[in-house]
Amino acid sequence: MKKLLIAVLALGLAGCSTTPVSSSLAKEVKASSSYQFKQGYTPVTIIRDKGFVAGGCAITAFINGNKVADLETGEKVIAYVEPGEVIVGAGFVGTGLCNGAPRKEREFTVKERQPRTLRIFIDQSANVDILPTTEH
């Protein structure tokens, strides 16, 4: 009985967090037309973690308030932006169970010819956040 209880608790804790996905393993989705390849622009890769929390709901990624793509778990999008300061956001835009807190936004510096990789994740309180990662 003790082993069963430990297994259930471990499964419950694992289900309350998301885990990073390697860029090479993430499925790529197409960026909106505003963020597709442009000469002289820098790629920003946004990867959504995989995990049980909100796994059935897409998270919308934004740059400077404009929609880039809807990401399911384990997906990524590559957006091309002008070097400089950008505000990257992520949040649920759906309805019903896929509706959540307002999007989380953070400011990042994008340098010329220095691609950035960002990670969208959901913490144990079910808050969406976006942070840089060294994963390429």
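## The cavity

Strand S10 supplies the largest share of the lining of the largest cavity, with three residues. Strands here are DSSP runs of E, at least two residues long, and helices are runs of H or I of at least four, both numbered from the N terminus. By type, that is four nonpolar, two polar and two charged residues. Ala, Val, Leu, Ile, Met, Phe, Trp, Tyr, Cys and Pro count as nonpolar, Asp, Glu, Lys and Arg as charged, and the others, Gly among them, as polar.

The volume of the largest cavity is about 30 Å³, and the structure holds one cavity of 30 Å³ or more. A cavity is a set of points on a 1 Å grid over the protein atoms alone where a 1.4 Å probe fits but cannot get out, and lining residues have an atom within 4 Å of a point. The volume is the space filled by probe spheres set on the points, which are joined across faces, edges and corners.

## About the model

This is a predicted model, so local features need pLDDT of at least 70 and side-chain atom pairs count only at pLDDT 80 or more, while totals for chains, interfaces and linings use all residues. Residues are numbered from 1 along each chain as its sequence is written, and side-chain values use heavy atoms, with hydrogens and water left out.

## The open sheet

Four strands form an open sheet in the order S6-S5-S8-S9, with antiparallel pairing. S6 and S9 sit at the edges with a single partner strand each, so one side of each has no neighbour in the sheet. On average, neighbouring strands of this sheet are turned by 25° against each other, direction ignored; the axes are lines fitted to C-alpha atoms.

Strands pair if DSSP finds at least two bridges between them. S5 and S8 (residues 84-91) run antiparallel and are joined by four bridges. Ala61 has Ala90 in S8 as its bridge partner.

Ala26 lies in the loop between S1 (18-19) and S2 (27-29). Ala26 is buried because its relative accessible area is 9%, and buried means under 20%, exposed over 50%, partly exposed in between (1.4 Å probe, protein chains only). Leaving out residues up to four places away in sequence, Ala26 touches Val21, Ile47, Gly74, Glu75 and Lys76 (contact means heavy atoms within 4.5 Å).

Most residues other than glycine have a negative phi. Asn64, however, has a positive phi near 50°, and Arg113 has a positive phi near 60°. Asn64 is partly exposed at 45%, whereas Arg113 is exposed at 70%.

Conventions: On a 1 Å grid over the protein atoms alone, a cavity is a set of points where a 1.4 Å probe fits but cannot get out, and a pocket is an open set with protein on both sides within 12 Å along at least five of seven lines; lining residues have an atom within 4 Å of a point. Axes are lines fitted to C-alpha atoms, for helices over the stretch in contact, and angles run from 0 to 180 degrees between N-to-C directions.
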